[in-house]
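Let's take a walk through this protein chain, from its overall layout down to a few single residues. Have a look at the picture before reading on.

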Amino acid sequence: MDSSNFNFTQQPSSSAAATGSQVWNGQQWVSNTAAPPAASTIIKHGKTHTQLVQHYTNYYHLWNAQAEKARLACAAVPGDSEAIQREKWATYYSTNSAALAHYHLGISQG
């Protein structure tokens, strides 16, 4: 089969394609003057993994107490939407704090 009859043109695959300081906007290459996203920022806290275990364990206990307090408020006044939301958020933070404590514990134990 002779490939000389085919014309291949390479097009950028998406509007997010970028080279160097330029970005493809769907029609042409334009200068990319946007700052890097804030999510790429690394926060340096200077704590060891053992210290972070204690830090997140303390947060776990704090948020777990808040969740229990909110559960009691929900039981006292069924249908209290504010208490229900407080309980959900406190449980969310408590769960994440426990997960982070376990994560750092695993790292600290090697």
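Here, a contact (or one residue touching another) means heavy atoms within 4.5 Å. What you see is a predicted model, where local features need pLDDT of at least 70, side-chain atom pairs count only at pLDDT 80 or more, and totals for chains, interfaces and linings use all residues. Residues are numbered from 1 along each chain as its sequence is written, and side-chain values use heavy atoms, with hydrogens and water left out.

Start with the whole chain. The protein chain has 2 helices and 3 strands, and reading along the sequence gives you β-β-β-α-α. Helices (H or I, at least four residues) and strands (E, at least two) are DSSP runs, numbered from the N terminus. Of the 110 residues, 12% are buried. As for that word, buried means under 20% relative accessible area, exposed means over 50%, and partly exposed is in between (1.4 Å probe, protein chains only). The accessible surface comes to about 8900 Å², and 56% of that belongs to carbon and sulfur atoms; such areas come from the Shrake-Rupley method with a 1.4 Å probe, and for residues only the protein chains shown count as cover. Among contacts between residues at least 6 apart in sequence, 42% join residues at least 24 apart.

Now for the helices. How do H1 and H2 pack? Helix H1 (residues 49–76) and H2 meet at an angle of about 160°, with their axes 7 Å apart. That makes H1 roughly antiparallel to H2. The residues of this contact between H1 and H2 divide into 19 nonpolar, 10 polar and 3 charged. In that count, Ala, Val, Leu, Ile, Met, Phe, Trp, Tyr, Cys and Pro are nonpolar, Asp, Glu, Lys and Arg are charged, and the others, Gly among them, are polar. Axes here are lines fitted to C-alpha atoms, for helices over the stretch in contact, and angles run from 0 to 180 degrees between N-to-C directions. Angles under 35 degrees count as roughly parallel, over 145 as roughly antiparallel, 65 to 115 as roughly perpendicular and the rest as oblique.

Time to zoom in. Ala83 sits in helix H2, and with 0% relative accessibility it counts as buried. Setting aside neighbours within four places in sequence, Ala83 is in contact with Ala70, Ala73 and Cys74. Ala83 and Ala67 are 16 residues apart in sequence, with their C-alpha atoms 9.4 Å apart. Leu72, in helix H1, is 11 residues from Ala83 along the chain, and their C-alpha atoms are separated by 8.9 Å. Is Leu72 buried or exposed? At 56% relative accessibility, Leu72 counts as exposed.

Glu87 also belongs to helix H2 (residues 81–108). Its relative accessible area is 18%, so Glu87 is buried. Not counting residues up to four places away in sequence, Glu87 touches Ala67, Ala70 and Arg71.

Further along, Ser97 is found in helix H2 and is buried, with a relative accessible area of 6%. Which residues does Ser97 touch, not counting those up to four places away in sequence? They are Tyr56, Tyr59, Tyr60 and Trp63.

Finish with His61, in helix H1. At 48% relative accessibility, His61 is partly exposed. His61 and Ala98 are 37 residues apart in sequence, yet 9.0 Å apart in space, C-alpha to C-alpha.
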